[in-house]
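These are my notebook entries on a single chain model. I set down what I looked up, entry by entry.

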Amino acid sequence: MGDKLFSAHQDHRIRVWKIDNETPNRNYKCIATLPTINDRCMKLFWTRNYVQVRRHKKCTWVHHVDTVSALALSKDGSLLYSASWDRTFKIWRSSDFKCLESVWNAHDDAINSIVVSNNGHVYTGSADKKIKIWTKQQEGSNKHTLLTTLEKHKSAVNALALSTDGCVLYSGACDRSIIVWEKLQVLGALRGHKKSILCLAVVSNDLLCSGSADKTVRIWKRGFGKSCYSCLAVFEGHNGPVKCLTATLDSQKYDDDDSCSGNSYMIYSGSLDCDVKVWKLWVPNYLS
């Protein structure tokens, strides 16, 4: 977000880094750790701020008490959302890093993924095999309530992604399938990976990337029908599960003539083999 970078970790904390773009090596300085000292102190002396996290242990509601597994920013960047294996998700104000809300027991098991739509709906995917959609109780409120629950996966949901227009939700799970949802209905399932789906990334409204424990990245293209998808490419080269993906439209375009015109995309994959790989994908216009 601008000159700030947010990172989540197994130490239960979120850190905020300031990016110094003016130095040649782009220095990063930690400027905050969430929850902040101010947040912790303000909640420390009131019993109503404590919640039961284990049988004989309580802590204030601003703390995550297990791995912070996913982060997401609101469209305007004013809110940061965090999900954790402690079965909660929290909302933080990005201007001063204050914790505004914590939704406890949001799922029956660890939350692995969180995404936020342009209209403010929050989607959470969990090891309990469920996807839940949350909405604000009323306009101007920070409190979220459960809107609906999606249940089609047969195992833990590891990854979620929204199309660029926010109309289509993709969910990847340990059952090796990617389910395509639109208006809370299943449009279809994408199958091809041989092991668990671990990450998803949307390039455009009709292009999806998926990373898997089978060590490959697959590129999926939506056809003319809403439920018609095909696998355009399979990237092989990692020696470990592909854990994270991101993608962007490349500035280079192929338009020398109509027969060769198309778009170029850059796809970045991070794996448990400790490598980050950069892939270039060209999609000709006749496949659009």
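**Entry 1**

The model is a predicted one: local features need pLDDT of at least 70, side-chain atom pairs count only at pLDDT 80 or more, and totals for chains, interfaces and linings use all residues. Residues are numbered from 1 along each chain as its sequence is written, and side-chain values use heavy atoms, with hydrogens and water left out.

I then looked up the partner of Lys18 and found a salt bridge to the side chain of Asp3, at 2.4 Å from N to O. Asp3 lies in the segment before β1 (4–8) and Lys18 in strand β2 (residues 14–20), so the pair ties together parts that are 15 residues apart in sequence. I took a salt bridge to be a side-chain nitrogen of Lys or Arg within 4 Å of a carboxyl oxygen of Asp or Glu. Helices (H or I, at least four residues) and strands (E, at least two) are DSSP runs, numbered from the N terminus.

Asp3 also forms a salt bridge with Lys4, with the closest N and O atoms 3.7 Å apart. I noted Asp3 as partly exposed, with a relative accessible area of 26%, and Lys4 as partly exposed, with 22%.

How many salt bridges does the structure hold? I counted 8 in the structure. One of them joins the side chains of Asp96 and Arg93, at 2.7 Å from N to O. Asp96 is partly exposed at 37% relative accessibility, and Arg93 is partly exposed at 31%. In general terms, side chains of opposite charge can pair when their charged atoms come close.

I also checked Phe97, which is in the loop between β8 (89–93) and β9. Phe97 is not a glycine, yet its phi is positive, at about 65 degrees. Is Phe97 buried or exposed? Phe97 is buried, with a relative accessible area of 10%.

I located Trp104 in the loop between β9 (99–103) and β10 (111–116). Trp104 is partly exposed, at a relative accessible area of 23%. Which residues does Trp104 contact, neighbours within four places in sequence aside? I listed Val51, Val53, Trp61, His63, Arg87, Thr88 and Lys90, where contact means heavy atoms within 4.5 Å. For Val51, the separation from Trp104 is 53 residues in sequence and 9.0 Å from C-alpha to C-alpha.

The side chain of Trp104 makes a polar contact of 2.9 Å with the side chain of Ser102. I used the term for a pair of N or O atoms within 3.5 Å; within protein, one must be able to donate a hydrogen and the other to accept it, and residues adjacent in sequence count only if both atoms are side-chain atoms.

Asn105 lies in the loop between β9 and β10. I noted a positive phi near 50 degrees for Asn105, a residue other than glycine. Asn105 counts as exposed, at 52% relative accessibility.

I found a cis peptide bond between Leu34 and Pro35, with omega about 0 degrees. Pro35 is in the loop between β3 (27–34) and α1.

Trp46 is in the loop between α1 (37–44) and β4 (50–54), and it is partly exposed at 48% relative accessibility.

Thr135 lies in strand β12 (residues 131–136). I recorded a polar contact of 3.5 Å between the side chains of Thr135 and His121. Neighbours within four places in sequence aside, Thr135 is in contact with residues including His121, Lys143 and His144.

Ser196 lies in the loop between β17 (185–191) and β18 (197–204). Ser196 is buried, with a relative accessible area of 17%. Leaving aside neighbours within four places in sequence, I found Ser196 in contact with Asn158, Ala173, Cys174, Arg176, Gly211, Ser212 and Ala213.

Notes. Buried < 20%, exposed > 50% of the residue type's maximum accessible area, 1.4 Å probe, protein only.
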